[in-house]
Amino acid sequence: MRIYIQDALKKTGKIQVNGWVHEKRDLGKIRFLLLRDITGIIQITALKDKTDKKVFDLMDNLSGESVVCVSGELKPSKQAPGGKEIIPEKIEILALAGEKLPVDVSDFSKTELPKRLDYRFLDLHRRKIQAIFKIQSTISTAFREHFIKKEFIEFQPPSVISSASEGGTELFPVKYFEKSAYLAQSPQLYKQMVACSMEKAMTITPVWRAEKHNTIRHLNESRQMDIEIAFSGQKEVMKELEEVVQDIVKQVIEKNKQELEILGVKLKVPKAVYLSYEEAIKKVKSKFGDDFSPEQEKKLCEMYSGDIVFTHSWPSAIKPFYIMPQNENENSKLSEGFDALYQGVEISSGGQRVHLPELLEKMIKKKKLNPKNFKYYIDSFRFGAPKHSGWSIGLERFTQALLGLNNIREACLFPRDRDRLVP
Ligand code: ATP
Ligand code: MN
C-alpha cells in the first residue's frame, strides 16, 4: 500500500515514499532533497560517510520534478519541514525529468500566466496551483452534496443543441450529420423541463459562449452549477443560493486549511444582503435600465464587505426573455430576476421563469426574437407546467471570486478562450 507523505510524517522507523523532486541542496558532505506528493513535503537527508555511495551520487544527478521512490529510516529532525526526515537507504528513479524544465515550477516562480498555461501539465506540479484545484473540487462537491441532501435530482443536459436557448450571446456552430447545430450556451430549457416534471433539479455542466471578448472574468468554455425548483419564486431561490454559498465556504474553510494557507487566503462565511435593483442603483449612482459596470459591482460589494449582495427585481428590459415580468404582465417594467455579487463580481444570475406559453411568446417578440425559433421551448409549457425559478453559478467565476484570483484562467484547468485551444 502506498503511503502518502502527510501520513508518513506521523510515523517513525522504516518507510517508503513516492514523490517528485521538489528541491535539492548540496552542502558537499551532506545532501538534502525535498520530496513532494499531493499531500505534502518531506526531507531526505544523506550524509556522505553514512550513506551508500550509489544513493549519495544519485541524489546529485536527480533533475528537478523527477519522480522517485525513496526507502529509508524516518527520524525526528527539528529543522526539517514536518519535523521529520528520511535517512535514505535506497532511491529508485521512476521517471526522470528532462534536465531543463520549460517553465519554472518552484514556489517562487514568476512565469507569466500565458506561458504557464502553455505548459499547464507542469504548472500543475506547483503547490499553489494544486491548492486552487483542490479547493475547486471542494466547491463542486459541496455544491452537489448540499443539494443531494435536499433531495434535488442531478440531471445531465445535452451539450449539442439545435438552436439558441437564450438569444443574445453567440453560439459555436457544430456539424451534426446533415443538420447544423450548436454547443449549448446554457442548460436553461432542459433544467426547466426537469423542474416542471421532477420539481427540484440540479446540475454541474459545461457551457460554451462564442463571445469574442477577452476579459479576465470570461471564458469561452466554462462550467455552471445550476438549480431549478418548481412552485417557487425569486425569493426562495435566492435563499437557496445564500445557503449553498455559505455551505461551500464553510466546507472550504474546514477541508482546505492547508491550501488556503498556501494561497494566503483568509475566508469567512458570508452573510447575505438583499437590495432591490432600484435600491442598488441609488447606492452606486447608476440610472434605471443600466446594468452595473464592473466598478459598480465592486463598489456594491465593498459596502457590504465580504457578504453576498443580491440585487433583485431587475428591469425586464435588461433580463432575458424567459425571466418572469412582475405580476405576470408583459408590460411590467420590473421582473422577477436577480443577480448575486460576491467579492466584487457577479457570481450568479437567476429568477422566476415565464411558464405561461402566451406570455412567453410575447416576451420573445418584445426582445425582437422570432417565437418560431423557440417552438419546442414554448410548447414544453403547454401541458401542465407550474411556476418555477432557478439560477446559475459559474464554477470558475466563483472560484476566482472566492480566492481573489486576478484572472479567471487561473481557476480553469485547461482554459478555452479567444486564443487558446491547447493544451
Ligand atoms: P457577465 O455579466 O458576468 O458576463 P452573464 O450575465 O452574461 O455574465 P449569465 O448568463 O448570467 O452570465 O451566466 C450565469 C453565471 O455564469 C454568471 O453569473 C457567471 O458566474 C458565469 N458566467 C457567465 N458567463 C461566463 C463566461 N463567459 N465565463 C465564465 N463564467 C461565466
Ligand atoms: Mn448574469
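The largest cavity is lined by Asp37, Ile38, Thr39, Gly40, Arg127, Gln130, Ala131, Lys134, Gln258, Glu259 and Ile262 (a cavity being a set of points, on a 1 Å grid over the protein atoms alone, where a 1.4 Å probe fits but cannot get out, with lining residues having an atom within 4 Å of a point). The model is predicted, with local features requiring pLDDT of at least 70, side-chain atom pairs counted only at pLDDT 80 or more, and totals for chains, interfaces and linings using all residues. Residues are numbered from 1 along each chain as its sequence is written, chains are lettered from A and ligands numbered from 1 in the order in which they are written, and side-chain values use heavy atoms, without hydrogens and water.

The volume of the largest cavity is about 90 Å³ (the space filled by probe spheres set on the points, which are joined across faces, edges and corners). Helix α5 contributes four residues, the largest share of this lining, and both α5 and α8 (257–263) supply at least two (helices are DSSP runs of H or I of at least four residues, strands runs of E of at least two, numbered from the N terminus). By class, the lining comprises three nonpolar, four polar and four charged residues (nonpolar: Ala, Val, Leu, Ile, Met, Phe, Trp, Tyr, Cys and Pro; charged: Asp, Glu, Lys and Arg; polar: the others, Gly among them).

Two cavities of 30 Å³ or more were found in the whole structure. The second largest cavity holds about 40 Å³ and is lined by Glu23, Lys24, Arg25, Phe32, Leu33, Leu34 and Gln43.

Phe321 and Tyr377 form an edge-to-face aromatic pair, at 6.1 Å centre to centre and 80° between the planes (rings of Phe, Tyr and Trp, the latter by its six-membered ring, pair if their centres lie within 6.5 Å; planes under 30 degrees apart are stacked, over 60 edge-to-face and the rest tilted). Phe321 lies in the loop between β13 (308–312) and β14 (337–342) and Tyr377 in helix α12 (residues 375–379), so the pair ties together parts 56 residues apart in sequence. Phe321 is buried, at 1% relative accessible area, as is Tyr377, at 4% (buried is under 20%, exposed over 50%, partly exposed in between; 1.4 Å probe, protein chains only).

Note on methods
1 Å grid on protein atoms, 1.4 Å probe; cavity = no way out; pocket = protein on both sides within 12 Å on 5 of 7 lines; lining within 4 Å.
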